[in-house]
Amino acid sequence: MTYDPRLAVDICGIHMNTPIITASGTFGFGEEFADFVDLERLGGVMVKGTTLLPRRGNEGVRIAETPAGMLNCIGLENPGAEVFLKETLPRLKKYNMNVIVNISGSTTEDYGTLAEMLDVDGVAAIELNVSCPNVKEGGIVFGTDPVAASAVVRAAKAHTKKPVILKLSPNVTDIVMMAKAVEEAGADAVSLINTLMGMAIDIRTKKPVLGNITGGLSGPCVKPVALRMVWQVAKAVKIPVLGMGGISTAEDAIEFLLAGASAVVVGTANFVDPSVTMTIADGIAAYLDEQKVAHVNELVGALQA
Amino acid sequence: MPETKKENHITEVIENVKVSEGVWHITVKAPKLAQAAKPGQFVQVLVEGAGLLLRRPLGIAGADAEQGTVELFYRVLGKGTAKLTGYRAGDSLSILGPLGHGFDTSAGNVLIVGGGMGLAPTKFLAERLEHCEALLGGRNAGELFWTKYYEPATEAMHITTDDGSMGTKGFTVAVLPELLATGKYDRVAVCGPEIMMKKTFEICREQGVPCEVSLEKRMACGLGACLSCNIDSTDGRRLHVCQDGPVFRGEEVFA
């Protein structure tokens, strides 16, 4: 297929037909959306968080709708890296899409092991999930401590030739410091934001709505926070920033590009409108026409502040 | 059986009326969906309103391929369903579907067992089966407004209410052993409260009658991506109601 060359970007050496990626945990392995989306037209698919061993995820209620958003506490349910490599990845070949594998470990070594296992054809890049708020071990510690996060980046980089993207948690005091630390440790890009930790209570039963009590907040309600963080981080680092958090429309996506994101990542909106990424791509193209801008790259960081 | 293409249908509301206390019946014009829908499958309805985000999963309660119409029932439970009651004839409603796997509609005499909103998807099943009877349960006669939909679609109706205001007094499953003992049913299809489905499956197993159950779980996408509608299979696998179900063989999910 040929695509609008004005939307094509190169991120860490990965050719993307559009600067629109789908977020881990919101788009399955991509194939679930094949009826709705031209997967090749996407910049990439960040597949469901993968761990060394299969994980069953959390028990009890896993989602709750909140005003203009949702909470989730899935708990990294996934078939494990071996099954992903043996069964899923070969199946994804036919879609001709950039497969970005989101990985999670319980120890720093896990990230190295996973990065090495995934250093194979068919994987475009690795995204390090150091900020899953819904698992007890590891997770959040790596995401809130710059030393631990840097160690994870080094472990991954030492074991793969693929670009390594670190996904930043918003649940920190200073996200810029985290971004700078992982850039220095060798991360090829950062993606942000992961979900904001939140909770909901059923006042009739006086119990938490979620089985895990707390969960990650996503959707349109987090967008202003995400946009602010992307803007701050993009000013502070030289590596590409992949911006995400509540993006549901082309206008949202353009805001993130103007704030300094080299590409945008769409998450929760896929649940509401499974073809939303295509609508966003069309909308960005229309904006380029309207603004008489020759290429989407010209929007990146073009905020006049 | 090739899977039908999932699609977002921009439908037009034909009618949206209250049929009982807190229960509404909505009919929409959706020719392609009406063609594709199979009993037991569900759709994801997008109710637009301030602060609302996710779609609402609803079982397909009827599909008329000739008229190009699809029927749904919903109980007003929260902000989304309350907002849905405000949709009027001519309004546009975005409906994603058909989703999931439905009931066995092959030949045979089927006993449909249902209670509460579970009677919505099994109504569609009754309409598509050549031979079926229905065992309908509710708390009182008022909850059994469903009989008017089941009467033309079934060969016989058996009714129970908790308070005895209609049919036999007592739990729905109490009359099941007797019905199954007649030996005239090839299989059972049940949708209702989980305890009713589990009991129904157990009684069917004792009598050696195959039983399909239709499960309900909170979900965001309905497409197998959000992984919120997880259940455990009896052999220890994680299943997802939206993709692996919502209709399961009883023994897959109930021990």
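Helix H3 of chain B is largely enclosed by the rest of the structure, because 8 of its 10 residues are buried. This is a predicted model. The buried residues of H3(B) are Leu119(B), Ala120(B), Pro121(B), Thr122(B), Lys123(B), Phe124(B), Leu125(B) and Ala126(B). They pack against several elements of chain B. Five of these are strands: S4 (56–64), S5, S7 (109–115), S8 (131–138) and S11 (187–191). Helix H4 (147–150) of chain B is also part of the surroundings.

Lys123(B) forms a salt bridge with Glu71(B), with the closest N and O atoms 3.1 Å apart. For Lys123(B), the relative accessibility is 2%. Buried means under 20% relative accessible area, so Lys123(B) counts as buried.

Lys123(B) also has a partner within its own helix. A salt bridge joins Lys123(B) to Glu127(B), and here the closest N and O atoms are 2.7 Å apart. Lys123(B) and Glu127(B) are separated by about one helical turn, because they stand 4 residues apart in H3(B). Glu127(B) is partly exposed, at a relative accessible area of 38%. Salt bridges that share partners also join Arg56(A), Glu59(A), Asp232(B) and Arg238(B) into one network.

Over all chains, the structure holds 24 salt bridges. One of them lies in chain A, where the side chains of Asp188(A) and Lys157(A) meet at 2.9 Å, N to O. This pair links distant parts of the chain, 31 residues apart. Asp188(A) sits in the loop between helix H5 (175–184) and strand S10 (189–192) of chain A. Lys157(A) belongs to helix H4 (residues 146–157) of chain A.

Next comes the packing of H5(A). Two packed helices are described by the angle between their axes and the distance between the axes. H5(A) and helix H6 (residues 223–236) of chain A pack at an angle of about 40°, and their axes are 9 Å apart. That angle makes H5(A) oblique to H6(A). The crossing of H5(A) and H6(A) is right-handed. Which residues make the contact? H5(A) contributes Ile175(A), Val176(A), Ala179(A), Lys180(A) and Glu183(A). H6(A) contributes Met229(A), Gln232(A), Val233(A) and Ala236(A).

Chain A also has an open sheet. Its 4 strands run in the order S5-S6-S14-S11. The pairing is antiparallel. Which strands form the edges? They are S5 (63–66) and S11 (196–199) of chain A, each pairing on one side only. From one strand to the next, the twist averages 40°. At one end of the order, S5(A) and strand S6 (residues 69–72) of chain A pair over 4 bridges in the antiparallel sense. One bridge brings together Thr66(A) and its partner in S6(A), Gly69(A).

Methods:
Residues are numbered from 1 along each chain as its sequence is written. Chains are lettered from A and ligands numbered from 1 in the order in which they are written. This is a predicted model: local features need pLDDT of at least 70, side-chain atom pairs count only at pLDDT 80 or more; totals for chains, interfaces and linings use all residues. Side-chain values use heavy atoms; hydrogens and water are left out. Two strands pair if DSSP finds at least two bridges between them. Helices (H or I, at least four residues) and strands (E, at least two) are DSSP runs, numbered from the N terminus. Axes are lines fitted to C-alpha atoms, for helices over the stretch in contact, and angles run from 0 to 180 degrees between N-to-C directions. A salt bridge is a side-chain nitrogen of Lys or Arg within 4 Å of a carboxyl oxygen of Asp or Glu. Buried means under 20% relative accessible area, exposed over 50%, partly exposed in between (1.4 Å probe, protein chains only). Angles under 35 degrees count as roughly parallel, over 145 as roughly antiparallel, 65 to 115 as roughly perpendicular and the rest as oblique. A crossing is left-handed if the near helix is turned anticlockwise from the far one by less than a right angle, and right-handed if clockwise. Contact means heavy atoms within 4.5 Å.
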